[in-house]
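Notebook open, model loaded. I want to look up a few residues and some helix packing, and jot down what turns up.

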Amino acid sequence: MKKILFLMFFCTTIIFAQDRALLNIVKNVSIPNVETAIKDAKILKDDMSDKNFTNFIKSWKKVEVIYFAGEIDDDYLDTPRYMDVFNNLKEDLNSQMQRVIESDTEPKMALFKNSFKTVNALEYVLYNDKELTLREKELAKIIIDSLISHLEDIKGVYEKYLTSKPKDEKLENAIIINTLIASSYRLKEWRVGNPAGLSSKFKNDPKNNRAEYFLSQNSFAAIDAILDAQKEVLEEKKYYSFSNIAKNLNAQKELETALNKINEAKVNLSKLKKDDFSNAKDLFTSLRELHNAYYLSLIEKLGLSPNVLDADGD
């Protein structure tokens with residue numbers, strides 16, 4: 001009798017786990033994306049080529065923009081800021097990194113600030129000049145090691161979550177949609193609006209050098225990767241996913257609108273000259289409509305409350 005009851009309980013647990021969208025996204029999307037980023041970072045450390053840097057940027061963006069670890073474990077809420085300071089740093093990181101490069105201080109000591117060990121600092125070290133010096137390679141390797149360490153921490157949080165006590169279903173659904181809302185806002189305002197002169201902050205003042213990866217000319221690659229990451233969360237899967245939540249709550253139309261806007265944005269992005277935001281109005285419009293699809297339509301259908309974003313998008 002005890003054996004039968006145990007089996008019934010075990011089966012019920014499996015069914016419950018299968019019906020948790022966040023758990024399935026973490027298992028099938030988040031963990032594989034982190035593993036790819038770790039692999040790409042290690043490849044870049046061994047061979048600091050343009051191709052390898054682009055691959056790492058794309059894989060890192062997928063981790064950064066669909067980031068659940070901070071909601072799962074408060075200790076990792078700020079981890080993305082330790083890895084990437086785009087639009088979150090008031091000081092001039094490039095001039096600081098130039099001083100680090102020119103310094104005689106031992107590399108590990110020279111990289112004493114968190115911001116000096118970010119993806120943005122790495123880009124400057126690799127792309128501030130045409131030729132990589134021995135010191136720049138040494139600095140880059142230390143920065144990459146730091147990034148790998150953070151990525152491994154993130155992976156650990158996700159793996160622990162898979163076997164942890166389930167959170168409230170509505171809370172988990174809120175984590176997913178609020179992550180998408182924050183991601184779409186930053187994509188629209190920071191990554192496209194600011195360099196294109198279409199954001200409220202830089203209205204009618206376009207400057208390509210505001211782009212996220214202006215030095216390495218990887219800003220469009222990053223945007224495309226972000227769109228792919230969002231699409232991966234929204235699309236129908238073989239496992240119970242966000243699309244099942246939308247279906248259960250009669251929000252298929254709203255979900256389809258969001259997916260259409262992602263595809264539209266990717267098409268508009270492909271029409272532009274690489275990393276040139278001077279004609280990005282159609283792209284910005286698509287991203288604004290994507291953000292509205294999340295913030296105004298999907299969230300209402302799901303019966304959730306969005307996190308309020310401040311002027312900087314946090």
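Started with Leu249: leaving aside neighbours within four places in sequence, I find it in contact (heavy atoms within 4.5 Å) with Lys301 and Leu302. Leu249 sits in the loop between helix H12 (242–248) and helix H13 (252–270); helices here are DSSP runs of H or I with at least four residues, numbered from the N terminus. At 38% relative accessibility, I have to log Leu249 as partly exposed (buried is under 20% relative accessible area, exposed over 50%, partly exposed in between, with a 1.4 Å probe and protein chains only). I also checked Leu249 against Pro206: 43 residues apart along the chain, with 41 Å between the C-alpha atoms.

Housekeeping before I go on: this is a predicted model, so local features need pLDDT of at least 70 and side-chain atom pairs count only at pLDDT 80 or more, while totals for chains, interfaces and linings use all residues. Residues are numbered from 1 along each chain as its sequence is written, and side-chain values use heavy atoms, with hydrogens and water left out.

Next, Lys261 in helix H13. Is this lysine buried or exposed? Lys261 comes out buried, at a relative accessible area of 17%. Not counting residues up to four places away in sequence, Lys261 touches Ser286, Glu289 and Leu290.

Leu290 turned up again when I looked at H11 (residues 219–234) against H14 (residues 281–301): H14 brings Leu287, Leu290 and Tyr294 to that contact, and H11 brings Leu227, Gln230 and Leu234.

Tyr294 got its own note. Outside four places in sequence, Tyr294 touches Ile177, Leu180, Ile181, Ser184, Gln230, Leu234, Ala258, Ile262 and Ile299. Tyr294 is also among the residues that touch the most other members of the 95-residue largest nonpolar core, along with Phe68, Met97, Tyr158 and Phe242. Such a core is a set of buried Ala, Val, Leu, Ile, Met, Phe, Trp, Tyr and Cys residues joined through side-chain atoms within 4.5 Å.

Val34 has 0% relative accessibility, so I put it down as buried. Beyond four places in sequence, Val34 is in contact with Val63, Leu151, Ile154, Lys155 and Tyr158. Val34 and Asp153 are 119 residues apart in sequence, and I get 9.9 Å from C-alpha to C-alpha.

Then H2 on helix H3 (residues 50–65): the axes are 8 Å apart, at an angle of about 155° (lines fitted to C-alpha atoms over the stretch in contact, angles from 0 to 180 degrees between N-to-C directions). That makes H2 roughly antiparallel to H3 (under 35 degrees is roughly parallel, over 145 roughly antiparallel, 65 to 115 roughly perpendicular, the rest oblique). The H2 side of the contact includes Val34 and Ala37, and the H3 side includes Phe56 and Val63. By class I have nine nonpolar, five polar and two charged residues for H2 with H3.

Last, H6 (residues 93–102) and H9 (residues 134–162): the axes come within 9 Å and cross at roughly 120°. I log H6 as oblique to H9. Met97, Val100 and Ile101 of H6 meet Arg135, Glu136, Leu139 and Ile143 of H9.

Note on methods. Helices (H or I, at least four residues) and strands (E, at least two) are DSSP runs, numbered from the N terminus. Ala, Val, Leu, Ile, Met, Phe, Trp, Tyr, Cys and Pro count as nonpolar, Asp, Glu, Lys and Arg as charged, and the others, Gly among them, as polar.
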